[in-house]
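User: Please take a close look at the surroundings of the ligand. I would like one connected account.

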Amino acid sequence: MALIATQEDIQGLVDSLNFAEKVLRSVRLIHEAYQEFGDRLVVANSLGKDSMAVWHLAKRVSPHIKGFIVTTRFKPAETVEFMNRMVAQYPELRVFRNDEPIPDKLYATDPNRCCDILKVQPTRRAIEDMNVACWVTGLRSTEGRTRTDFQEVEERDKGLIKLNPILIWHEREIWQYLALYKVPVNPLYAKGYRSLGCAPCTRITTGPDERGGRWLGTSKCGGECGIHTRPLKVNYQI
Ligand code: SF4
């Protein structure tokens, strides 16, 4: 049966399924999508804890599944080192980056534009270059205020399926999975970060919002870089 976009009671699933049921559901979602899209299913790997869980789940479905990483000139050294280690281990992970000149400290004056140039545009290029029909993300509905309005299978861009296979997992269940399967994680988590991004825009916080340390002190605080909210299948320029 073809994988189709669905409207599910996401919060109901978050609350009612146990850890093992969620893992099984995630594997099934990726498996179904991989059967339908084959090599045109590609994992977006941000190198955060959620992406590493999704990457591991995808590899359980098939070792041949490919992925892409979008990086920027502002990633912390720990993230760059972790990225290099992951790419050496998984050569099927392609790295996309936009090195075009941008105004100094654009992240402070116009973070939306900065994210658009450094994150959204390379994501569009990855989708195009890798001929992606279904991209797989590490989105979770309990991460913060901007992540409650997603479905496990979506088609926000016509002709591009977005699969969010761990949408219903709690933060605790991510760590449970990573610990059980000994999945490597970015060393920044040991310093206290809960959500990782570019160095100038990411802080350690202790509040209830998992993404509260992102773009702290700006109107974008706890928000999104745009890859989950902006169109991806449009003409791009790099
Ligand atoms: S997270 Fe900050 S530095 Fe990174 S692209 Fe967005 S605004 Fe720029």
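Analyst: The shell around the ligand holds 9 nonpolar residues, no polar ones and 1 charged residue. Here Ala, Val, Leu, Ile, Met, Phe, Trp, Tyr, Cys and Pro count as nonpolar, Asp, Glu, Lys and Arg as charged, and the others, Gly among them, as polar. The model is predicted: local features need pLDDT of at least 70 and side-chain atom pairs pLDDT 80 or more, while totals for chains, interfaces and linings use all residues. Residues are numbered from 1 along each chain as its sequence is written, and side-chain values use heavy atoms, with hydrogens and water left out.

Surrounding the ligand are F74, Y107, P111, C114, C115, L118, K119, C198, C201 and W215; a residue is near a molecule if one of its heavy atoms lies within 4 Å of it. Helix α6 (residues 111-129) gives the most to this shell, with 5 residues. Helices are DSSP runs (H or I, at least four residues), numbered from the N terminus.

The ligand sits in the second largest cavity. A cavity is a set of points, on a 1 Å grid over the protein atoms alone, where a 1.4 Å probe fits but cannot get out. To sit in a cavity, a molecule must have more than half of its atoms within 2 Å of the cavity's grid points.

Methods. 1 Å grid on protein atoms, 1.4 Å probe; cavity = no way out; pocket = protein on both sides within 12 Å on 5 of 7 lines; lining within 4 Å. Helix = DSSP H or I, 4+ residues; strand = E, 2+ residues; numbered from the N terminus.
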